Amino acid sequence: MDAPTITDIAQAEQGSSLWRDAWLRLRRNRLAVFGLAVLSFFIVIALLTPWIAPYAYAQQQLELGATPPSAAHWLGTDIFGRDMLTQIMYGGRISLAVGFIATSVALLIGITWGAIAGYFGGKVDALMMRLVDILYALPFMIFIVLLMVVFGRNMLLLFLAIGAVEWLTMARIMRSQVQSLRQQEFVEAAISLGLSPATIIRRHLVPNALGPIIVYTTLTIPSVMLLEAFLSFLGLGVQPPQTSWGLLIAYGAETMEEYPWLLLYPGLTLVLTLFSLNFLGDGLRDALDVRGAKD
Amino acid sequence: MWRFIGFRLLQSIPVLLVVITVTFFLVRLAPGGPFSSEKAVIPEVKAALEEQYRLNLPMYEQYIAYLADLAEGDLGPSFKYPGRSVNELIAAGFPVTAELGFYALLVAISIGGIAGIVASLRPNSAQDYIPMSVAMIGICVPSLLMGPILILVFGIYLEWLPVSGWGDMPGDKILPAITLGSTYAAYIARLSRAGMLEVMSQDYIRTARAKGLPEWQVVVRHGLRGGLIPVVAFLGPAFAGLLSGSFVVETIFQIPGLGRFYVQAAFNRDYTMILGATVFLATLIIVFNLLSDILAAWMNPRLRSQYGGR
């Protein structure tokens, strides 16, 4: 590795101070910090679940049945005597995984699509963005249901299907970013150095559009998680023996009259997560001064 | 204005064709025909059924025949319910879904609009924070949770309202409409607040105030028209969301609407029903997007002249 040159150091300092400013602004926003804390907590729990879950995932105690919260089962048990806290922890792994992976799929498609359209402009841009406009007008829920029916209900497809419909706004944001960056001198310099468009997009355009990308990603995750919950609730998403928060809510709703806690706790967990993500997204948007990242 | 409408209408036709084509071939790709699971169908019966559903023809001929039927408004027979056509199923389910969607939109516009306008009049005060925090709750509590909770509280504990059904008992339409409308009320509150805030700082509002108009007249007569453009533009997408959202709400409240039929068709692998309903809903949504765009353009003079000039 070469010794860092002066420009490297200057860039690093420039970069870190920009991000440090944003971090300072974010830290002043109490709701965003709360969101970040809750989210980090849930992610850590989800990662550690197999080791810290109080009971085994499939462990049933049929003779116990549904019991309200107690010292042995903090959030109660379901009708099969399964520990609710354990169920919610394992469900969270899937719900969060869908949220993050499907969002990554959406991110990848959206950034590539938007960057290409914005970089080349003209007819390519018109054609590509026309397609985005068209897709915007379509009923996605219906198409995901359709995809799940046609290709069977499996997790991989769920990730891809949700990701494949959530990339549109990302593409629009990326395109407008690239359009304004494209005019700047450092991009012209890169072109005159003979760099390929792919390299310019990857090395120069994407890093400079990172703010809006981060903000919009944070706001996409909750809508992705909501889609998963909807599908699982209808029985078209995550399938038993696996579980997710949407599925737990569906089961809870069936028996809520007798055992309301079976609906309440998974519901609260989902809502708290969605709240956190939305607050964090709003906070990041203000901190990074990104306009028009929502809607 | 007419140019704008014509332009958007022409644009809708290829979109619709793409939707129909993609859906048609996607459904045909599905593994297992509708009769393959059934035990030992007599060959003659199978042949007759295949002929009835045109499965004996090559794919492209099926597609052309489907388009020809579609042009006459015929969506074909249902795979699952022999003797019933997809048209009949849609005709039975759609009015219910439309009524539910209409009430939900009414809830969303009235509650969301008022909350947003009220909040915008005194930004960064309690009058702003309280409705907007409630709106955030509305966005974060999805209908799949809101519905059961409303049922539990108002239907089971308080026993004020029926817990399910549609048109069987007085008041059984209230909870579904609120459940479906709440998310959109929240979005509309945010949109109308932002729209009103922007408009109320404009020069013509200052002029209206300088003329000595009372504040409520400034808001109602001058502010609303510009401030609500984002809300009107949102109505098209909101309608699409209401339709897909009604899948969940109809399931929760056991409402015999199109959404419930669609989900059942998905479970039953009733391919023609899924195909027909998708085509129907996509058409409807495209039409609604068109209407909401036209309305928004009509409300916004700048957009009007942009298309009038071309």
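# Chains A and B: questions and answers

User: Which elements does chain A run through from the N terminus on?

Analyst: Happy to start there; this is a predicted model, in which local features need pLDDT of at least 70 and side-chain atom pairs count only at pLDDT 80 or more, while totals for chains, interfaces and linings use all residues. Residues are numbered from 1 along each chain as its sequence is written, with chains lettered from A and ligands numbered from 1 in the order in which they are written. Helices (H or I, at least four residues) and strands (E, at least two) are DSSP runs, numbered from the N terminus. From the N terminus on, the elements of chain A run α-α-α-α-α-α-α-α-α-α-α-α.

User: What percentage of the 295 residues in chain A is buried?

Analyst: A residue is buried if 20 or more other C-beta atoms lie within 10 Å of its own, exposed if 12 or fewer, and partly exposed in between, with C-beta atoms placed from the backbone. For chain B, with its 310 residues, the buried share is 39%. For the 295 residues of chain A, it is 45%.

User: How many residues of helix α8 of chain A are buried?

Analyst: This helix covers residues 185-192 of chain A and is hardly covered. After α8(A) comes Gly194(A), with a positive phi near 85 degrees. Among the eight residues of α8(A), the count of buried ones is zero.

User: How many residues does chain B bring to the contact with chain A?

Analyst: Two residues are in contact if their C-beta atoms, placed from the backbone, lie within 7 Å. Chain A gives 29 residues. The number from chain B is 36.

User: How many residues of the side of chain B that touches chain A are nonpolar?

Analyst: Elements giving two or more residues to this side include α1 (2-29), α10 (229-252) and α12 (271-299) of chain B. Ala, Val, Leu, Ile, Met, Phe, Trp, Tyr, Cys and Pro count as nonpolar, Asp, Glu, Lys and Arg as charged, and the others, Gly among them, as polar. Five residues of this side are polar and one is charged, and the nonpolar ones number 30.

User: Which residues of chain B is Val145(A) in contact with?

Analyst: Neighbours within four places in sequence are left aside here. Within chain A, Val145(A) is in contact with Leu236(A). Across in chain B, its partners are Tyr262(B) and Ala266(B).

User: Why is Asp286(A) partly exposed?

Analyst: Asp286(A) sits in helix α12 (residues 261-287) of chain A. Not counting residues up to four places away in sequence, it touches Arg25(A) and Asn29(A). Asp286(A) counts as partly exposed because the number of other C-beta atoms within 10 Å is 16.

User: Which residues does Asp74(B) touch?

Analyst: Asp74(B) lies in the loop between α3 (59-71) and α4 (86-121) of chain B. It is partly exposed, with 14 C-beta neighbours inside 10 Å. Not counting residues up to four places away in sequence, Asp74(B) touches Asp69(B) and Asn87(B).
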